[in-house]
Amino acid sequence: MALFLNASLSSTSKPHHHRLSFPTTSATPLPPFLRINPKQPQQPPPKLTLSLGESISSATIVALLSASLFFVHPALAFKGGGPYGQGVTRGQDLSGKDFSGKTLIKQDFKTSILRQANFKGAKLLGASFFDADLTGADLSDADLRSADFSLANVTKVNLSNANLEGALVTGNTSFKGSNITGADFTDVPLREDQRVYLCTIADGVNSTTGNATRDTLLCE
(Lines give C-alpha, C1' and ligand atoms only; values in the text may rest on other atoms or scores of the structure.)
Protein backbone atom coordinates (compact mmCIF):
# COMPACT_ATOMS: atom_id res chain seq x y z
CA MET A 1 0.00 0.00 0.00
CA ALA A 2 2.75 2.42 0.94
CA LEU A 3 4.58 1.58 -2.22
CA PHE A 4 1.47 2.27 -4.27
CA LEU A 5 0.98 5.68 -2.62
CA ASN A 6 4.60 6.61 -3.14
CA ALA A 7 4.38 5.63 -6.74
CA SER A 8 1.21 7.62 -7.20
CA LEU A 9 2.62 10.67 -5.46
CA SER A 10 5.78 10.49 -7.44
CA SER A 11 3.84 10.25 -10.65
CA THR A 12 1.57 13.18 -9.79
CA SER A 13 4.20 15.42 -8.20
CA LYS A 14 6.24 15.73 -11.38
CA PRO A 15 4.92 18.61 -13.48
CA HIS A 16 4.40 18.07 -17.19
CA HIS A 17 6.00 20.69 -19.44
CA HIS A 18 4.41 21.21 -22.86
CA ARG A 19 6.76 22.74 -25.44
CA LEU A 20 5.16 25.11 -27.93
CA SER A 21 6.55 24.96 -31.41
CA PHE A 22 6.34 27.76 -34.04
CA PRO A 23 6.88 27.44 -37.73
CA THR A 24 10.27 28.71 -38.79
CA THR A 25 10.73 31.02 -41.74
CA SER A 26 13.92 31.73 -43.61
CA ALA A 27 15.06 35.43 -43.86
CA THR A 28 14.69 37.10 -47.28
CA PRO A 29 18.13 38.12 -48.54
CA LEU A 30 18.76 41.84 -49.25
CA PRO A 31 19.46 42.97 -52.78
CA PRO A 32 23.16 43.47 -53.55
CA PHE A 33 23.02 47.28 -53.62
CA LEU A 34 21.67 47.38 -50.03
CA ARG A 35 24.20 44.99 -48.58
CA ILE A 36 26.95 46.48 -46.42
CA ASN A 37 30.28 44.81 -46.37
CA PRO A 38 31.70 45.34 -42.89
CA LYS A 39 35.20 44.71 -44.20
CA GLN A 40 34.98 47.54 -46.73
CA PRO A 41 35.62 51.04 -45.25
CA GLN A 42 32.85 53.56 -45.87
CA GLN A 43 33.90 56.60 -47.92
CA PRO A 44 32.63 60.04 -46.73
CA PRO A 45 30.68 62.10 -49.30
CA PRO A 46 32.90 64.36 -51.43
CA LYS A 47 33.20 67.95 -50.29
CA LEU A 48 33.12 70.87 -52.71
CA THR A 49 35.92 73.19 -51.76
CA LEU A 50 37.38 76.21 -53.51
CA SER A 51 40.87 77.48 -53.03
CA LEU A 52 41.35 81.03 -51.78
CA GLY A 53 42.43 82.16 -55.24
CA GLU A 54 39.36 80.65 -56.89
CA SER A 55 37.07 82.29 -54.32
CA ILE A 56 38.62 85.70 -54.89
CA SER A 57 38.43 85.31 -58.67
CA SER A 58 34.76 84.35 -58.51
CA ALA A 59 33.94 87.28 -56.25
CA THR A 60 35.79 89.68 -58.55
CA ILE A 61 33.87 88.48 -61.64
CA VAL A 62 30.53 88.84 -59.85
CA ALA A 63 31.42 92.36 -58.70
CA LEU A 64 32.46 93.43 -62.21
CA LEU A 65 29.27 92.04 -63.74
CA SER A 66 27.14 93.81 -61.14
CA ALA A 67 28.91 97.12 -61.68
CA SER A 68 28.46 96.90 -65.45
CA LEU A 69 24.69 96.88 -64.96
CA PHE A 70 24.71 100.30 -63.31
CA PHE A 71 27.49 102.25 -65.02
CA VAL A 72 27.49 103.14 -68.71
CA HIS A 73 30.19 105.17 -70.35
CA PRO A 74 28.81 108.63 -71.24
CA ALA A 75 29.96 108.23 -74.84
CA LEU A 76 27.59 105.28 -75.25
CA ALA A 77 24.53 107.02 -73.84
CA PHE A 78 21.81 108.98 -75.63
CA LYS A 79 23.36 109.15 -79.08
CA GLY A 80 21.45 110.66 -81.96
CA GLY A 81 19.54 108.37 -84.27
CA GLY A 82 20.31 107.58 -87.88
CA PRO A 83 23.66 107.74 -89.67
CA TYR A 84 24.10 111.47 -89.00
CA GLY A 85 25.04 113.47 -85.95
CA GLN A 86 26.37 110.74 -83.67
CA GLY A 87 27.40 113.15 -80.93
CA VAL A 88 25.65 113.03 -77.57
CA THR A 89 22.83 115.58 -77.83
CA ARG A 90 20.09 114.26 -75.57
CA GLY A 91 19.65 115.79 -72.14
CA GLN A 92 22.63 118.12 -72.69
CA ASP A 93 23.23 121.84 -72.23
CA LEU A 94 23.99 122.93 -75.80
CA SER A 95 23.21 126.61 -75.37
CA GLY A 96 24.71 128.76 -78.15
CA LYS A 97 26.10 125.76 -80.05
CA ASP A 98 26.42 126.14 -83.83
CA PHE A 99 24.56 123.47 -85.84
CA SER A 100 24.01 125.70 -88.87
CA GLY A 101 23.88 123.90 -92.24
CA LYS A 102 24.44 120.49 -90.66
CA THR A 103 22.63 117.28 -91.59
CA LEU A 104 20.99 116.08 -88.37
CA ILE A 105 18.28 113.74 -89.62
CA LYS A 106 16.41 112.07 -86.72
CA GLN A 107 18.81 113.65 -84.24
CA ASP A 108 17.77 113.23 -80.61
CA PHE A 109 17.67 116.54 -78.70
CA LYS A 110 15.12 115.39 -76.10
CA THR A 111 15.13 117.48 -72.88
CA SER A 112 18.24 119.40 -73.99
CA ILE A 113 18.86 123.09 -73.31
CA LEU A 114 19.32 124.74 -76.73
CA ARG A 115 18.98 128.43 -75.90
CA GLN A 116 20.37 130.69 -78.65
CA ALA A 117 21.59 127.59 -80.54
CA ASN A 118 22.10 128.12 -84.27
CA PHE A 119 20.25 125.67 -86.55
CA LYS A 120 20.04 127.99 -89.57
CA GLY A 121 19.63 125.92 -92.76
CA ALA A 122 20.09 122.61 -90.92
CA LYS A 123 18.45 119.41 -92.14
CA LEU A 124 16.44 118.23 -89.12
CA LEU A 125 13.92 115.84 -90.66
CA GLY A 126 12.35 113.72 -87.90
CA ALA A 127 14.55 115.26 -85.21
CA SER A 128 13.21 115.21 -81.66
CA PHE A 129 13.05 118.37 -79.56
CA PHE A 130 10.72 116.77 -77.04
CA ASP A 131 10.64 118.88 -73.84
CA ALA A 132 13.67 120.85 -75.05
CA ASP A 133 14.30 124.52 -74.34
CA LEU A 134 14.82 126.35 -77.64
CA THR A 135 14.37 129.86 -76.29
CA GLY A 136 15.97 132.36 -78.69
CA ALA A 137 17.28 129.64 -81.06
CA ASP A 138 17.72 130.28 -84.79
CA LEU A 139 15.81 127.72 -86.90
CA SER A 140 15.47 129.89 -89.97
CA ASP A 141 15.56 128.08 -93.35
CA ALA A 142 15.73 124.76 -91.45
CA ASP A 143 14.11 121.59 -92.78
CA LEU A 144 11.95 120.56 -89.80
CA ARG A 145 9.57 118.17 -91.51
CA SER A 146 8.11 115.62 -89.06
CA ALA A 147 10.21 117.04 -86.21
CA ASP A 148 8.85 116.58 -82.69
CA PHE A 149 8.32 119.77 -80.66
CA SER A 150 6.03 118.22 -78.03
CA LEU A 151 6.27 120.08 -74.70
CA ALA A 152 9.13 122.15 -76.14
CA ASN A 153 9.73 125.80 -75.31
CA VAL A 154 9.85 127.52 -78.72
CA THR A 155 9.50 131.10 -77.48
CA LYS A 156 11.34 133.92 -79.26
CA VAL A 157 12.63 131.43 -81.87
CA ASN A 158 13.47 132.49 -85.42
CA LEU A 159 11.39 130.16 -87.63
CA SER A 160 11.44 132.38 -90.72
CA ASN A 161 11.24 130.36 -93.93
CA ALA A 162 11.44 127.08 -91.95
CA ASN A 163 9.60 124.05 -93.32
CA LEU A 164 7.62 122.40 -90.50
CA GLU A 165 5.37 120.16 -92.61
CA GLY A 166 3.97 117.35 -90.47
CA ALA A 167 5.82 118.48 -87.34
CA LEU A 168 4.40 117.41 -83.96
CA VAL A 169 3.58 120.19 -81.48
CA THR A 170 1.21 118.53 -79.03
CA GLY A 171 1.23 119.45 -75.37
CA ASN A 172 2.16 122.87 -74.08
CA THR A 173 4.43 123.84 -76.97
CA SER A 174 4.78 127.61 -76.92
CA PHE A 175 5.60 129.87 -79.91
CA LYS A 176 5.24 133.13 -78.03
CA GLY A 177 7.34 135.93 -79.51
CA SER A 178 8.67 133.75 -82.36
CA ASN A 179 9.29 134.95 -85.91
CA ILE A 180 7.28 132.73 -88.30
CA THR A 181 7.49 134.84 -91.47
CA GLY A 182 7.46 132.46 -94.44
CA ALA A 183 7.25 129.35 -92.21
CA ASP A 184 5.27 126.40 -93.57
CA PHE A 185 2.92 124.78 -91.00
CA THR A 186 1.20 122.35 -93.41
CA ASP A 187 -0.35 119.37 -91.55
CA VAL A 188 0.95 120.54 -88.17
CA PRO A 189 -1.66 119.49 -85.52
CA LEU A 190 -1.86 122.76 -83.63
CA ARG A 191 -4.22 123.36 -80.74
CA GLU A 192 -6.84 125.96 -81.57
CA ASP A 193 -5.35 128.54 -79.21
CA GLN A 194 -1.92 127.99 -80.77
CA ARG A 195 -3.29 128.38 -84.30
CA VAL A 196 -5.22 131.53 -83.43
CA TYR A 197 -2.12 133.10 -81.88
CA LEU A 198 0.12 132.21 -84.84
CA CYS A 199 -2.43 133.65 -87.26
CA THR A 200 -2.06 137.02 -85.56
CA ILE A 201 1.63 137.15 -86.50
CA ALA A 202 1.69 135.05 -89.69
CA ASP A 203 3.09 136.57 -92.87
CA GLY A 204 5.17 135.73 -95.93
CA VAL A 205 5.63 132.79 -98.30
CA ASN A 206 7.97 129.83 -97.88
CA SER A 207 10.66 129.94 -100.57
CA THR A 208 11.01 126.15 -100.69
CA THR A 209 7.37 125.02 -100.80
CA GLY A 210 5.81 128.19 -102.24
CA ASN A 211 3.09 128.08 -99.57
CA ALA A 212 1.89 131.19 -97.78
CA THR A 213 2.27 130.95 -94.02
CA ARG A 214 -1.30 132.06 -93.36
CA ASP A 215 -2.65 129.44 -95.75
CA THR A 216 -0.75 126.64 -94.03
CA LEU A 217 -2.21 127.79 -90.72
CA LEU A 218 -5.74 127.88 -92.18
CA CYS A 219 -6.10 131.46 -91.06
CA GLU A 220 -9.32 133.23 -91.98
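What is the torsion about the S-S bond of Cys199 and Cys219, and is the disulfide left-handed or right-handed?

Modeller: This is a predicted model, in which local features need pLDDT of at least 70 and side-chain atom pairs count only at pLDDT 80 or more, while totals for chains, interfaces and linings use all residues. Residues are numbered from 1 along each chain as its sequence is written, and side-chain values use heavy atoms, with hydrogens and water left out.

The torsion about the S-S bond of Cys199 and Cys219 is about -90 degrees, so their disulfide is left-handed. Because Cys199 lies in helix H3 and Cys219 in the segment after H4, the pair ties together parts that are 20 residues apart in sequence. The two sulfur atoms are 1.9 Å apart, where a disulfide is defined as a pair of cysteine sulfur atoms within 2.5 Å. A search of the whole structure finds 1 disulfide. Both Cys199 and Cys219 are buried, a word that stands for under 20% relative accessible area, with exposed meaning over 50% and partly exposed anything in between (1.4 Å probe, protein chains only).

Helix H3 covers residues 192-201, and its buried residues are Gln194, Arg195, Leu198 and Cys199. They span an arc of only 135 degrees around the axis, which puts them on the same side of H3; the arc is taken from the directions that run from the helix axis to the C-beta atoms. In general, an α-helix has 3.6 residues a turn, so residues three or four places apart point the same way. Helix H4 (213-216) is included in what covers the buried residues of H3. Helices here are DSSP runs (H or I, at least four residues), as are strands (E, at least two), numbered from the N terminus.

Asp193 forms a salt bridge with Arg191, their closest N and O atoms being 2.9 Å apart, where a salt bridge requires a side-chain nitrogen of Lys or Arg within 4 Å of a carboxyl oxygen of Asp or Glu. Asp193 counts as partly exposed at 47% relative accessibility, and Arg191 likewise counts as partly exposed, at 32%. By this rule the count comes to 7 salt bridges.

Some of the charged pairs belong to the loop between H2 and H3. Asp133 and Arg115 meet there through their side chains in a salt bridge (2.6 Å, N to O), and this pair links distant parts of the chain, 18 residues apart. Asp133 is buried, with a relative accessible area of 14%, whereas Arg115 is partly exposed, with 40%. Asp141 forms a salt bridge with Lys120, with 2.9 Å between the closest N and O atoms, and since both residues lie in the loop between H2 and H3, the pair ties together parts that are 21 residues apart in sequence. Arg90, Asp108 and Lys110 are linked in a network of salt bridges, and Asp108, which is found in the loop between H2 and H3, is buried, with a relative accessible area of 10%.

Conventions: Contact means heavy atoms within 4.5 Å.
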